[in-house]
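Subject: Structure handover

Hi,

Here is the structure for you to look through. Please open it first, then read the notes below.

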Amino acid sequence: MIRRATISDIDEILSILEPYTKEGIVLKRTHEEISESIDHFYVSETEGKLSGVAAFYTYSPLLVEIRSLAVRKSFFAKGIGKRLVNKIIHDIREKDSRVKIFALTLAPDFFSKCGFVEVKKETLPEKIWKDCVNCIKQNECDEIPMVYAE
Ligand SMILES: CC(C)(COP(=O)(O)OP(=O)(O)OC[C@H]1O[C@@H](n2cnc3c(N)ncnc32)[C@H](O)[C@@H]1OP(=O)(O)O)[C@@H](O)C(=O)NCCC(=O)NCCS
């Protein structure tokens, strides 16, 4: 089941993200940051436990990023990641079908299965790179920009 996250999910969301933020695969988010943008977070529940998380960030009315996507390792390859992404896309496009939805990712094959295509970095506005200052990789960025193309 995919649902909107609530404040009481934050500790579990952090525990899902933690192994990947340590590896530098997902950008670190604090309890406070998640709390401030809890309306932008979705979680998946499997067997009564949170199995995954994903969020979106609105840069402008027509530009939205999918971010903080992570599934617990024990729940990999069950379609949970794809369902989280699909749900966010559905909810965003339901409001406005023109919205450009993108991701910066180290899992391009997963995102291409979700209907995204790789684009050149320069095709996305400069402001989306503002979070790089918080990233452990800084200018060694190896993330691939991808845009939803369906
Ligand atoms: C990427 C991630 C969210 C995928 O979650 P998941 O629930 O295992 O993925 P799904 O089961 O929904 O997979 C959907 C499809 O993508 C494929 N896929 C999943 N992960 C993949 C990967 N890392 N590389 C290539 N293909 C992948 C699956 O085989 C499946 O293909 P199918 O539709 O043909 O069966 C999960 O591996 C994860 O949390 N990784 C660590 C964090 C991360 O990389 N986040 C994304 C950074 S933006």
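What radius of gyration would a compact globule of 150 residues have, and what does the protein chain have? The globule would come near 15 Å, and the protein chain has 14 Å, which agrees. The radius is taken over C-alpha atoms, and the globule rule is 2.2 Å times the number of residues to the power 0.38.

Two things to know before you go on. This is a predicted model: local features need pLDDT of at least 70, side-chain atom pairs count only at pLDDT 80 or more, and totals for chains, interfaces and linings use all residues. Residues are numbered from 1 along each chain as its sequence is written.

**Overall fold**

The protein chain has 4 helices and 7 strands. These are DSSP runs, numbered from the N terminus: helices are H or I with at least four residues, strands are E with at least two. Starting at the N terminus, the order is β-α-α-β-β-β-α-β-α-β-β. Along the principal axes, the C-alpha atoms fill a box of roughly 40 × 35 × 30 Å.

Now the contacts (C-beta atoms, placed from the backbone, within 7 Å). Take those between residues at least 6 apart in sequence: 65% join residues at least 24 apart.

Buried residues make up 28% of the 150. Buried means 20 or more other C-beta atoms within 10 Å of the residue's own, exposed means 12 or fewer, and partly exposed lies in between; C-beta atoms are placed from the backbone.

**Helix α3**

α3 has 16 residues and should span 22 Å at 1.5 Å a residue. The rule is 1.5 Å times one less than the number of residues. Its end C-alpha atoms are 23 Å apart, which agrees. I80, G81, L84, V85, I88 and I89 are its buried residues.

**Around the ligand**

The shell holds 20 residues, and F76, G81, K82, D109 and F110 come nearest. A residue is near if its C-beta atom, placed from the backbone, lies within 6 Å. β4 (63-71), α3 (80-95), β5 (100-105) and α4 (108-113) each supply at least two shell residues. By class there are 13 nonpolar, 3 polar and 4 charged. Nonpolar means Ala, Val, Leu, Ile, Met, Phe, Trp, Tyr, Cys and Pro; charged means Asp, Glu, Lys and Arg; the others, Gly among them, are polar.

S68 sits in strand β4. Its phi is positive, about 50°, although S68 is not a glycine. S68 counts as buried because 25 C-beta neighbours lie inside 10 Å.

A77 lies in the loop between β4 and α3. A77 also is not a glycine, yet its phi is positive, about 60°. With 7 C-beta neighbours inside 10 Å, A77 counts as exposed.

Best wishes

Note on methods: Two residues are in contact if their C-beta atoms, placed from the backbone, lie within 7 Å.
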